[in-house]
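Work through the exercises below with the sequence and the 3D view open. Try each task before reading its solution.

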Amino acid sequence: MEKKVLVVEDSETNRVLLHDLLEKVCYCSVSVAVNGKQGLEIAQADLPDLILMDLGLPVLDGMEATKILKADAKTRSIPIIALTGFVSNEDEERMMDAGFDGFLPKPFDVRKLLDKVCLYLTARENLQF
Ligand SMILES: [Mg+2]
């Protein structure tokens, strides 16, 4: 079955880039949200296989949205990758505390991004056997 990826990103440029790239290269179905609250609602309704979550988001930021998803038994097992700029050790600790499963630094290295996304989608598939 086609994998579902949710991209939560307020920058239109990044949103369009990620949407097109993932649909064309990873053959997954990509939904997008423009803020943390919308991301939360789509994640709860659609239960995607993977979420790419920007940290700086309007209404509800990526850190808070992830905490809520990871505290809910229904959405806890969905891997969430943070999309973020420079990451210090302290930032990394905060992301792990919030429940993120990994992070991708901005600006995106397209190759690394696709490798990571494919890795998470395949790992999840393997878990089901
Ligand atoms: Mg942002």
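**Exercise 1: The metal site**

In this predicted model, the magnesium ion is coordinated by Asp10 (OD), Asp54 (OD) and Gly56 (O), at 2.1 to 2.3 Å.

Task: State how the donor residues of the magnesium ion are spaced in sequence, and locate Asp10 and Gly56 in the chain.

Solution.
Step 1. Written as a pattern, the spacing of the donor residues is D-x43-D-x1-G.
Step 2. Asp10 sits in the loop between strand S1 (4–8) and helix H1 (12–25), while Gly56 sits in the loop between strand S3 (50–54) and helix H3 (62–71). The two are 46 residues apart, and this pair links distant parts of the chain.
Step 3. Now take accessibility. Buried means under 20% relative accessible area and exposed means over 50%, with partly exposed in between. Asp10 has 38% and is therefore partly exposed. Gly56, at 47%, is partly exposed as well. Asp54 has a relative accessibility of 5%, so Asp54 counts as buried.

**Exercise 2: A network of salt bridges**

Task: Find which residues are linked with Lys106 in a network of salt bridges, and describe each pair.

Solution.
Step 1. Recall the general idea: side chains of opposite charge can pair when their charged atoms come close.
Step 2. The structure holds 6 salt bridges. One of them joins Glu9 to Lys106, with the closest N and O atoms 3.0 Å apart. Glu9 lies in the loop between S1 and H1, and Lys106 in the loop between strand S5 (102–105) and helix H5 (110–127), so this bridge ties together parts that are 97 residues apart in sequence.
Step 3. Asp54 also forms a salt bridge with Lys106, at 3.0 Å from N to O. Here the partners are 52 residues apart: Asp54 belongs to strand S3, and Lys106 to the loop between S5 and H5.
Step 4. Put together, Glu9, Asp54 and Lys106 form a network of salt bridges.
Step 5. Glu9 has 1% relative accessibility and is therefore buried. Lys106, at 24%, counts as partly exposed.

**Exercise 3: The surroundings of Thr84**

Task: Is Thr84 buried or exposed, and which residues is Thr84 in contact with, leaving aside neighbours within four places in sequence?

Solution.
Step 1. Thr84 is part of strand S4 (residues 80–84).
Step 2. Its relative accessibility is 11%, so Thr84 counts as buried.
Step 3. With neighbours within four places in sequence left aside, the contacts of Thr84 are Leu55, Met95, Phe103, Leu104, Pro105 and Lys106. Lys106 is also a member of the salt-bridge network of Exercise 2.

**Exercise 4: Two helices and a salt bridge**

Task: Describe how H3 and H4 meet, then examine the salt bridge of Lys70 with Asp101.

Solution.
Step 1. Two packed helices are described by the angle between their axes and the distance between the axes.
Step 2. For H3 and H4, the axes come within 8 Å and cross at roughly 35°. H3 contributes Met63, Thr66, Lys67 and Lys70 to the contact, and H4 contributes Arg94, Met95 and Ala98. By type, these residues are 3 nonpolar, 1 polar and 3 charged.
Step 3. Lys70 also meets Asp101 in a salt bridge, 2.9 Å from N to O. Since Lys70 lies in helix H3 and Asp101 in the loop between helix H4 (89–98) and S5, the pair ties together parts that are 31 residues apart in sequence.
Step 4. Lys70 has a relative accessible area of 17% and is therefore buried, whereas Asp101, at 34%, is partly exposed.

Conventions. Residues numbered from 1 in each chain as written. Predicted model: local features only at pLDDT ≥ 70, side-chain atom pairs only at ≥ 80, totals over all residues. Heavy atoms only, no water. Donors = N, O, S within 2.8 Å, 3.2 Å for Na, K, Ca; no water. Helix = DSSP H or I, 4+ residues; strand = E, 2+ residues; numbered from the N terminus. Buried < 20%, exposed > 50% of the residue type's maximum accessible area, 1.4 Å probe, protein only. Contact = heavy atoms within 4.5 Å. Salt bridge = Lys/Arg side-chain N within 4 Å of Asp/Glu carboxyl O. Axes fitted to C-alpha atoms, helices over the stretch in contact; angles between N-to-C directions. Nonpolar A, V, L, I, M, F, W, Y, C, P; charged D, E, K, R; others polar.
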